[in-house]
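Colleague: I am new to this structure. Please show me how to read it, one feature at a time.

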Amino acid sequence: LDVCNALIKSLFKACKYEEAELLYLKMEGMGLIPNDVTYSILIEWYSKNGRMDKAFEIYRKMVDLCVVASIYPYTCLLNGYSQLGEMKKAESIFHDMVEKGVKPNVVTYTSLISGYCKQKEMKVAFKLFCNMCERGIAPNTYTYTALISGFCRVHMIPDAVKLFEEMVQRKIPPNEVTYNVLIDGYCQEGNTVRAFQLYDEMLQKGLVPDSYTYRPLISGLCRAGRVSEAQEFVNDLCGEKSRLNEICLSALLQGYCQEGRLSEAYNACKKNLATGVEMDIVCYTVLIYGALKRNDKRELFRLLKEVHDNGLTPD
RNA sequence: ACAAAAUCGGC
């Protein structure tokens, strides 16, 4: 059974969706009764592929067959609804599990909280956070990060910062993702100074920045009209093995294009191509808008040809 | 070491 579960999981991972499903259907014939791990894997996979109907069907089947279930299948299904913003359904799973005597844990709560944060329902999200604390469920780095990200998304930086300080006090260590969301928050507010302070702080702590860190910083500098500084920042990063990607590049290109500095944008592309960052369709779209704005038909056609030559599909 | 939760780009 364990082997079967592992196999189903890896088939899904390899996107061999039909074979995974087939194996699941064949299990019974092989004298294997799917357990809650099997159901969790199936529910998670369907959830993450927008097939909540199938996910729920599997869940129903599990319930109907009275499979003794751990917390996993519930949390997987709840997370599926939560990420899609179907909060009513997520809540109903929450109540289902409580009824069945399965106690929601920190992952369950964090998943729900994250769902409300994505819906910008910060009051509800924060209330859930208080509830879980009252029930003696200790929040962790994921929980705090979800909330901080939520507050940043609705431009409530002071609340985000308050939570950040609180987690440090409670010895719940912020990690890379926590720093990334706060840095992004500050950059969106135009506070690049504070953003770079946090960037330095994370380096000091030995945390490793990545494209999720760089992209906000690049965008932040560009939006402040400091495109050249953004370029320098990128140049400095190219030295080491770069964690820059096409998303960071698109942010830089947009900075150039908004100032009408197209030739510098093209140079930036060349430089980044040399370091292994490939242009994707969004990068080209940014350049195309730049060329359009300047009525540069020649460049426009050259770009469209390049898109085609690189095997990309215009959208 | 059989399963679950948090962060990005163009229009």
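Colleague: How do the residues of the surface near RNA strand B divide by class?

Modeller: They divide into 14 nonpolar, 19 polar and nine charged. Ala, Val, Leu, Ile, Met, Phe, Trp, Tyr, Cys and Pro count as nonpolar, Asp, Glu, Lys and Arg as charged, and the others, Gly among them, as polar. Some ground rules before we go on. This is a predicted model, where local features need pLDDT of at least 70 and side-chain atom pairs count only at pLDDT 80 or more, while totals for chains, interfaces and linings use all residues. Residues are numbered from 1 along each chain as its sequence is written, chains are lettered from A and ligands numbered from 1 in the order in which they are written, and side-chain values use heavy atoms, with hydrogens and water left out.

Colleague: Which base atom of RNA strand B does Thr 285 approach?

Modeller: Look for polar contacts (a pair of N or O atoms within 3.5 Å; within protein, one must be able to donate a hydrogen and the other to accept it, and residues adjacent in sequence count only if both atoms are side-chain atoms). A polar side-chain atom of Thr 285 is 2.7 Å from a base nitrogen. Asp 280 has a side-chain N or O atom 2.8 Å from a base nitrogen. Ala 146 uses a backbone N or O atom, 3.5 Å from a sugar or linking oxygen.

Colleague: Now the helices. At what angle do α3 and α4 pack?

Modeller: Helices are DSSP runs (H or I, at least four residues; strands are E, at least two), numbered from the N terminus. Axes are lines fitted to C-alpha atoms, for helices over the stretch in contact, and angles run from 0 to 180 degrees between N-to-C directions. Helix α3 (residues 36-48) packs on α4 at about 160°, with axes 7 Å apart.

Colleague: Why are α3 and α4 called roughly antiparallel?

Modeller: Angles over 145 degrees count as roughly antiparallel, under 35 as roughly parallel, 65 to 115 as roughly perpendicular and the rest as oblique. So α3 and α4 are roughly antiparallel. Their contact has nine nonpolar, one polar and one charged residues.

Colleague: How are α4 and α5 arranged?

Modeller: Helix α4 (residues 52-64) meets helix α5 (residues 71-83) at about 155°, axes 11 Å apart. They are therefore roughly antiparallel. By class, this contact has nine nonpolar, one polar and no charged residues.

Colleague: And what is the angle between α6 and α7?

Modeller: Helix α6 (residues 87-99) and helix α7 (residues 106-118) pack at about 165°, with axes 10 Å apart. They are therefore roughly antiparallel. Their contact has seven nonpolar, two polar and one charged residues.
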